[in-house]
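Biologist: I am new to this structure and would like to learn how to read it feature by feature. Could you take me through the sheet and then the disulfides?

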Amino acid sequence: MYLKEKMKTLKTILNPVFFVILILLSSHVVPSFSFTSFVFGDSLVDAGNNDYLFTLSKADSPPYGIDFKPSGGQPTGRFTNGRTIADIVDQALGAKSFPPPYLAPNTQTEAILRGINYASGASGILDETGFFFIGRIPLGEQVKYFGQNRNYMVNAMGENRTREFLKKAIFSLTIGSNDILNYVQPSIPFLGHDKLFPTTIFLDSMISNLTIQLKRLHELGARKLLVVGVGPLGCIPFVRAFNLLPSGKCSAQVNALIQGYNEKLKELLNRLNQEMGPEAIFVFANSYDIFMKIIVNYHQYGFENAHEPCCGGYFPPFICFKSRNTKASTSAVCNDRSKYVFWDAYHPTEAANLIIAKELLDGDESSSSPINIRKLYNYNS
C-alpha cells in the first residue's frame, strides 16, 4: 500500500515521460508500445530537423504543412503539404504519434516511447552531398546520433532490455536522392565539385558508404531494416526544367543512373540478408517502380497533373513560400492538392505519398522484397 501511495504522488509530480521510464525500470520489463520506428534519410522524410540548423534547405514557412492535421496546417519542417511516407506507414502500423526530430529539445526519452526521426533535408549517403545548402545532417552523422540515443536507452533500461526493445523496432533509411541530384546537376562555378569520377565509381562509393552505415546500425542493435531505393528523379519538375524537357517527358539519362544504383542496392541487401539473416532482415523498398507507375498512369489514380508542382511554379527558382504576415502566397499554389502528384519541384504531395506507402505496406515482392513492411513489422527472428 505504501508503495502504491508513493507512486501516485510521484505520478502527479513527475513529467509523464519520466514516469513511464520509472515504471519500466521498476517493473524490469522491456517497453511494449504499439510501434516504434527510427527514421533516417533526407527531405522526403525529414520531420523538422532542418528547422534547428543554419541551412538553405528548410520547410518552416507556409504553405508547407497546410494539410498536416496534428499541427493545424502549420509548417513542421516536413517538405510536403501533409504527411510523409514514413508518417503514413507509422500510423498504419499503430503509432499514436510521430517520432520527433532528433534536434528538437528534450527528445532523449522519446527514443523509448516513439522512436526518433534523424532525417535531414539536403543530406546524402556521402558526407559532401548537399554542401551548397550549408547545414544538413549526413547519414553517417544521423547514425552517430542514434548511437547517442542508444547509450541513453542502456542507461535507462540496461543492455539486454535495450537489445530486446530494438529488435522489435523498424529502422528505415530513405536516402540517396540528393547524392544522385548533386552528381547530375551542372557544376556550380567557383565551388568545384566537377564530376571527377566515372558513374560506376560514383555509384560504388554510394554503396560502400551505405554498407558501412547499415553494418553500424546492425552493430547497434537494428534487426529490422527497411532501405528505400531512389525514385525516378528524372521525372521530378526540377530535373525536367533544368534539362528543358517538354511536359510529360523524363530524363532517361538520370533515370538510367538511378536504376543502376537501385540494382546495386538490391544486390547489397541480398548479400546482407545472406550474411546476417535470419537474425536480421534487410528489406528493399522499390519506390522507383511504384512512383513511375503513378506518373505514367496518374489519371487512374485520380490525379489531374503529374508534371507540374502544386506549389512554387514550373521554372527556377521553384520557391514555394508564403509570408507569415500575408494571406497570399508569393508563389502559386494549386487549388486542389489531392489532384497533383508533386507538391513542389522535388517532393510528392501527401496524396502521392499515401499511394506509395500503401504499396510498401501491403504490396508483393515487386514493391518490397523479400517481404513488405507489414510483414516486416510482424517478423520475428
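Modeller: Let us start with the general idea behind a sheet: two strands count as paired if DSSP finds at least two bridges between them. Please keep in mind throughout that this is a predicted model. In this case five strands form an open sheet, arranged in the order β1-β2-β3-β4-β7, and their pairing is mixed.

Biologist: Which strands stand at the edges of the sheet?

Modeller: The edges are taken by β1 (37–41) and β7 (368–369), and because each has a single partner strand, one side of each is left without a neighbour in the sheet. The partner of β7 is β4 (residues 281–285), and these two run in the antiparallel sense, joined over two bridges. If you look along that pairing, you will find F284 opposite S369 of β7.

Biologist: What lies across β1 and β2?

Modeller: That is helix α5 (residues 139–157), which lies across β1 and β2 (170–174) and runs at about 160 degrees to β1.

Biologist: Which parts does the disulfide of C235 and C250 tie together?

Modeller: The sulfur atoms of C235 and C250 are 2.1 Å apart, and with 110 degrees about the S-S bond this link is right-handed.

Biologist: Is C235 buried or exposed?

Modeller: A residue is called buried when its relative accessible area is under 20%. C235, with 0%, is therefore buried, whereas C250, at 25% relative accessibility, counts as partly exposed.

Biologist: What is the handedness of the disulfide of C310 and C334?

Modeller: The torsion about the S-S bond of C310 and C334 is about -90 degrees, so this disulfide is left-handed. C310 and C334 are each in the loop between β5 (305–309) and β6 (340–342), 24 residues apart. C310 is buried at 3% relative accessibility, and C334 is buried with 11%.

Biologist: And what of the disulfide of C311 and C320?

Modeller: Its sulfur atoms lie 2.0 Å apart, and the torsion of about 100 degrees means that the link of C311 and C320 is right-handed. C311 is buried with a relative accessible area of 0%, and C320 is buried with 8%.

Key
Residues are numbered from 1 along each chain as its sequence is written. This is a predicted model: local features need pLDDT of at least 70, side-chain atom pairs count only at pLDDT 80 or more; totals for chains, interfaces and linings use all residues. Side-chain values use heavy atoms; hydrogens and water are left out. Helices (H or I, at least four residues) and strands (E, at least two) are DSSP runs, numbered from the N terminus. Contact means heavy atoms within 4.5 Å. Axes are lines fitted to C-alpha atoms, for helices over the stretch in contact, and angles run from 0 to 180 degrees between N-to-C directions. A disulfide is a pair of cysteine sulfur atoms within 2.5 Å. Buried means under 20% relative accessible area, exposed over 50%, partly exposed in between (1.4 Å probe, protein chains only).
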